[in-house]
Amino acid sequence: MLRASLREVSAALKEGRVSATELCQRCLSLIKSTGFLNAYITVAEGTALKQAEESEKRYRRGQPLGVLDGIPFAVKDNFNTAGIETTCASNMLKGYISPYNATVVQKLLDQGAVLLGKTNLDEFAMGSGSTDGIFGPVRNPWSYSRQYKEKAPPKSSSENEESDWVITGGSSGGSAAAVSSFTCFAALGSDTGGSTRNPAAHCGVVGLKPTYGLISRHGLIPLVNSMDVPGILTRCVDDAAVVLGSLAGHDPKDSTTIQDTFKPFELPNLIDVRKLCIGIPKEYHAPGLSSEILALWSKAADLFKDAGAKVIEVSLPHTRYSIVCYHVLCTAEVASNMARFDGLEYGHRADMNKSTESMYAATRREGFNDVVRGRILSGNYFLLKQNYENYFIKAQKVRRLIADDFVKVFGSGVDILLTPTTLSDAVPYVEFIKEDNRTRSAQDDILTQAANMAGLPAISIPTALSKRGLPVGLQFIGRSFQEKQLLTVAKWFEKQVKFPMIQLEEVKRHDCSVFQHQKSVSFL
Amino acid sequence: METSVFSGSKQVLNRRCVEAAVMTGLALNCSINKKSLFDRKHYFYADLPAGYQITQQRVPIAVNGSLSYSLCIDNKMSQMVTKTVRIKQIQLEQDSGKSLHDDARSQTLVDLNRAGVGLMEVVMEPDMCCGEEAAAAVRELQLILQTLGSSQAVMAEGQLRVDANVSVHHPGEPYGVRTEVKNINSVRFLAKAVDYEIQRQIEELENGGTILNETRAFDSKLGCTIPMRDKEGKQDYRFMPEPNLPPLILYDAKSLPVNMNHQQVVNIDWIRERLPDLPSVKRAKLVELYGILPEHSFTLLNEDGLAEYFENVVKQTQMKPKKVIGWILNDLLSYLKQHALPVKDSPVSSFLLADLLNLLERREISSSAAKQVLGELWKGEGKTPLEIVKEKKLELIQDQKELEQVCQEVIDRQEDEVMAIKAGNQKVLNRLIGLVQRATRGRSNPVLVKQILEKKLSK
């Protein structure tokens with residue numbers, strides 16, 4: 001049951017084959033037994049069971065609120081949740097309990113969905129590994145999969161377990177791991193430079209970054225206000241469409257959401273790609289791209305060609321500047337957004353009474369990790385009067401160029417761009433931490449970052465397993481607010497590649513289900 | 001703009017703030033920028049919960065306006081002069097919280113209730129040259145804001161906060177270094193603070209010193225400005241565009257798209273059409289309608305509710321407005337000032353005053369009697385003017401014979417004066433009139449008395 005898709009389990013709830021309470025209990029129990037993944041920071045057992053009970057009552061009355069009624073979901077710990085701790089994996093907010101729900105959380109709860117808990121992340125969403133939060137790193141569930149273990153070089157068993165586990169990617173690693181390990185049917189992440197798509201690719205799940213302005217950011221603790229979006233993580237594209245349908249739309253509390261009414265959609269089952277034009281941006285053949293992924297990318301392009309779509313090479317010439325540009329704009333916004341954490345009104349306050357300034361300084365030193373502090377310092381530097389023109393304004397101009405690259409390409413008849421999501425499959429944690437956060441982020445964001453610059457929708461689809469038995473995802477980037485087209489193409493692709501289900505012992509033990517919904521015939 | 005103390009909440013623009021700013025901009029003859037932008041101004045302070053203030057540094061909502069105000073040349077309200085101060089810009093921004101310094105316990109208490117509330121900052125060019133001008137300009141601005149409904153603009157309540165930037169220079173030379181004076185809680189203190197600071201700077205420079213570009217606080221008890229300790233050095237505010245507030249787009253009749261939802265936009269022309277009469281227009285209308293002097297209309301508008309009171313009296317009496325105004329400005333207003341009462345708390349209503357003036361107009365009482373009655377009315381004992389007149393026996397003697405008799409008695413008594421008058425000294429006649437008034441206890445019509453006396457004495 002837990003390995004079913006969101007829509008399948010929703011049907012089961014409706015037909016009474018499983019109760020909402022039972023479903024919730026099973027998820028909570030699986031969370032406990034997969035605790036070693038460290039995917040969750042807070043598990044809201046009490047409230048989740050209450051919500052499940054309410055849902056069950058509604059189902060018994062024959063009045064469910066919708067497809068999401070009774071569906072367990074998880075939320076990245078940088079979204080405010082009323083009555084439940086929101087920490088951003090930082091000492092600064094440890095113990096902070098928000099008085100309100102983020103709009104996206106509220107919308108899901110209003111649909112009857114069941115909030116299981118808050119997932120782990122890099123501190124304040126800064127990072128690409130989900131390794132730099134105060135609660136420790138998240139472990140990729142695939143580290144414990146049969147597929148990975150089979151391919152691992154022979155070692156002594158103690159070494160195997162502890163030193164070979166791979167990262168989830170980040171910063172929404174907790175959410176990706178939660179979905180990947182079947183503890184929930186959907187999870188919310190955030191995506192500023194790829195933070196939803198990156199871990200989705202590494203954990204073998206679907207990661208959707210919607211168009212900027214489609215989904216409200218009210219209640220999402222901001223990293224870069226002009227690039228952040230709430231991200232959706234699910235096990236298949238149809239599920240992502242369902243969640244998107246309940247989240248998208250104007251929010252008066254967020255002035256950056258568009259006014260147009262959003263019409264939720266269902267994706268067709270029969271999809272014809274012959275009228276499509278797929279663009280392959282040559283700049284995404286980035287240095288460091290593994291040959292494996294390059295080959296997969298090429299095979300994917302062929303898949304479309306063979307199905308009758310037009311596949312052409314395109315150019316996004318300013319791609320190589322996007323990381324540097326992102327660094328300037330991101331750190332500037334971080335410096336600004338983090339200014340509110342001074343220990344006075346909420347959150348951590350240092351035990352320092354000499355003066356307000358010294359209290360601020362101590363609070364912020366104790367409350368933030370090196371990564372956050374580094375970005376604040378850089379950002380403040382770029383915003384100084386003497387530097388503003390050369391850095392911030394310049395970066396804004398470059399950003400415009402990057403966005404215009406996409407406009408030109410989409411304007412020339414290309415419908416969707418196809419690119420890799422990551423440079424390689426997930427690396428072992430011990431390898432990952434050899435480089436610092438900044439270096440890693442710069443490397444890992446390269447394929448995902450530009451979509452945030454341009455505000456475009458993008459989705460990572462699990463495509464195949466690597467030589468090491470780990471997931472590899474490919475990315476589709478679409479036109480602004482054309483999520484329906486984007487998801488339709490993604491769904492077609494998903495159907496073609498038939499990505500294998502993760503074989504996890506823990507889940508097998510939990511799940512004597514009727515639902516075996518994936519065969520193990522893989523794409524490779 | 002909404003209060004934002006919590007992490008994750010995004011600022012939202014308050015429509016009423018925008019409308020108030022547009023109205024004020026139009027009233028001050030500004031160009032309204034159809035597109036204006038919001039920025040973050042960063043600094044750390046206990047009363048600034050976000051660590052930055054949202055303001056409009058790059059492109060404010062209105063620019064390049066002017067404010068005309070009137071000033072008396074001398075101390076009597078007889079010669080008014082119109083001056084103009086240029087308005088540099090009007091910008092929307094957020095308020096910070098309020099800091100209350102508890103020096104006794106070495107702590108600062110921070111009240112965040114007003115943090116995030118929308119503010120409108122009006123920046124004037126340095127076109128004023130003394131405290132009086134500054135005070136008059138601000139007073140006029142207050143009246144305009146109150147008329148528009150943008151703000152009650154009461155300085156003591158912090159609804160209107162004024163910071164004065166003062167500098168001195170020799171004529172023909174460039175402007176000197178300026179200081180910013182804060183903590184001014186009334187229009188009167190504004191004049192004092194500005195004049196003090198001008199004097200201080202002149203003295204400092206004449207003694208060979210220099211003026212620091214600093215912020216000073218006005219101490220109303222001591223009547224002087226003192227340097228504020230908190231602001232040290234030049235701050236780099238690291239201005240950055242506010243990412244959560246898209247550019248503010250305003251429309252006018254020409255640019256308004258056809259299918260745009262009326263509720264979603266602010267239409268400058270729509271607001272312009274509905275602007276109420278500004279004080280300067282109201283004053284001109286009063287002068288034209290009632291034939292009063294410009295100085296009179298100035299005072300009428302300067303006191304809250306006085307113009308309305310005046311008009312109500314005029315409506316209810318046959319007395320000419322030109323005469324009514326004297327009673328309003330000389331008698332009523334001085335009573336109110338003596339007792340520090342606003343017009344709305346006047347124990348003498350416009351109805352009562354009109355009633356009294358009607359008695360005067362109908363020559364049932366003399367003007368000195370009327371003043372007496374007013375004094376009684378002021379006690380607020382609920383009596384009508386007529387009742388008081390009857391009670392105090394203040395009616396003018398209507399009986400000609402009775403008057404003649406009193407006049408005769410006075411003539412008989414004042415032999416010396418009579419002789420003087422007959423000898424040609426007409427001024428002495430006034431003495432006799434005065435004596436008749438006294439004898440009749442103010443109940444004789446002086447015009448009539450004069451006639452009778454002259455008639456008698458000419459025999």
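1. A:Leu384 meets chain B. In this predicted model, A:Leu384 touches B:Asp236 and B:Arg238, leaving aside residues up to four places away in sequence. A:Leu384 sits in the loop between α13 (370-383) and α14 (385-411) of chain A. Its relative accessible area is 24%, so A:Leu384 counts as partly exposed. Within chain A, A:Leu384 and A:Ala332 are 52 residues apart in sequence. In space, their C-alpha atoms are 9.9 Å apart.

2. The cores. The largest nonpolar core holds 164 residues. The residues with the most contacts inside this core are A:Phe124, A:Phe304, A:Phe406, A:Leu418 and A:Phe476. A second, separate core has 56 residues. Its members include B:Cys17, B:Ile61, B:Leu145 and B:Ile271.

3. Around A:Leu418. What does A:Leu418 touch, not counting residues up to four places away in sequence? Its contacts include A:Ile278, A:Gly279, A:Ile280 and A:Pro281. A:Trp297, A:Ala300, A:Ala301 and A:Phe304 are also among them.

4. Strand β11(A). Seven of the seven residues of β11(A) are buried, so the strand is largely enclosed by the rest of the structure. Side chains alternate between the two faces of the sheet in a regular strand.

5. Partners of β11(A). Strands of a sheet pair through backbone hydrogen bonds, either parallel or antiparallel. β9(A) and β11(A) pair in the antiparallel sense over four bridges. On that side, A:Pro420 has A:Leu474 as its bridge partner. β10(A) and β11(A) also pair in the antiparallel sense, over seven bridges. There, A:Ile461 stands opposite A:Leu474. The hairpin of β10(A) and β11(A) has five residues between the strands. In this hairpin, A:Gly469 takes a positive phi near 80 degrees.

6. Helix α18(A). This helix covers residues 483-497 of chain A and has 15 residues. From first C-alpha to last it reaches 21 Å, close to the 21 Å expected at 1.5 Å a residue. Is α18(A) mostly covered or mostly open? Eleven of its 15 residues are buried, which leaves the helix mostly covered. The buried residues include A:Glu483, A:Lys491 and A:Glu494, along with A:Leu486, A:Trp492 and A:Phe493. What covers them includes the strands β5 (206-209), β9 (416-420), β10 (458-465) and β11 (471-477) of chain A. The helices α9 (237-247) and α10 (291-306) of chain A are also part of the cover. Just after α18(A), A:Lys498 takes a positive phi of about 45 degrees.

7. The open sheet of chain B. Four strands form this sheet, in the order β1-β5-β6-β9, with antiparallel pairing. Which are the edge strands? They are β1 (31-32) and β9 (118-124) of chain B, each pairing on one side only. β5 (residues 62-72) and β6 (residues 80-94) of chain B pair over ten bridges. B:Leu71 stands opposite B:Val81 in that pair. Helix α1 (residues 15-27) of chain B packs on the sheet and touches β1, β5, β6 and β9 of chain B. The direction of α1 makes about 155 degrees with that of β6(B).

8. Strand β3(B) and its partners. β3 (residues 39-42) and β4 (residues 52-55) of chain B pair in the antiparallel sense over four bridges. B:His42 stands opposite B:Tyr52 in β4(B). β3(B) also pairs with β14 (residues 240-241) of chain B, antiparallel, over two bridges. In that pairing, B:Asp39 stands opposite B:Pro241.

9. Cysteines. How many disulfides are found over all chains? The search of the whole structure gives zero. Take B:Cys130: its closest cysteine sulfur is in B:Cys129, at 4.2 Å, which is too far for a bond. The cut-off for a disulfide is 2.5 Å between sulfur atoms. B:Cys130 is partly exposed, at 24% relative accessibility. B:Cys224 is in no disulfide either. For B:Cys224, the nearest cysteine sulfur is that of B:Cys130, 20 Å away. B:Cys224 is buried, with a relative accessible area of 13%.

Conventions. Residues are numbered from 1 along each chain as its sequence is written. Chains are lettered from A and ligands numbered from 1 in the order in which they are written. This is a predicted model: local features need pLDDT of at least 70, side-chain atom pairs count only at pLDDT 80 or more; totals for chains, interfaces and linings use all residues. Side-chain values use heavy atoms; hydrogens and water are left out. A nonpolar core is a set of buried Ala, Val, Leu, Ile, Met, Phe, Trp, Tyr and Cys residues joined through side-chain atoms within 4.5 Å. Buried means under 20% relative accessible area, exposed over 50%, partly exposed in between (1.4 Å probe, protein chains only). Contact means heavy atoms within 4.5 Å. Two strands pair if DSSP finds at least two bridges between them. The expected span of a helix is 1.5 Å times one less than its number of residues. Axes are lines fitted to C-alpha atoms, for helices over the stretch in contact, and angles run from 0 to 180 degrees between N-to-C directions.
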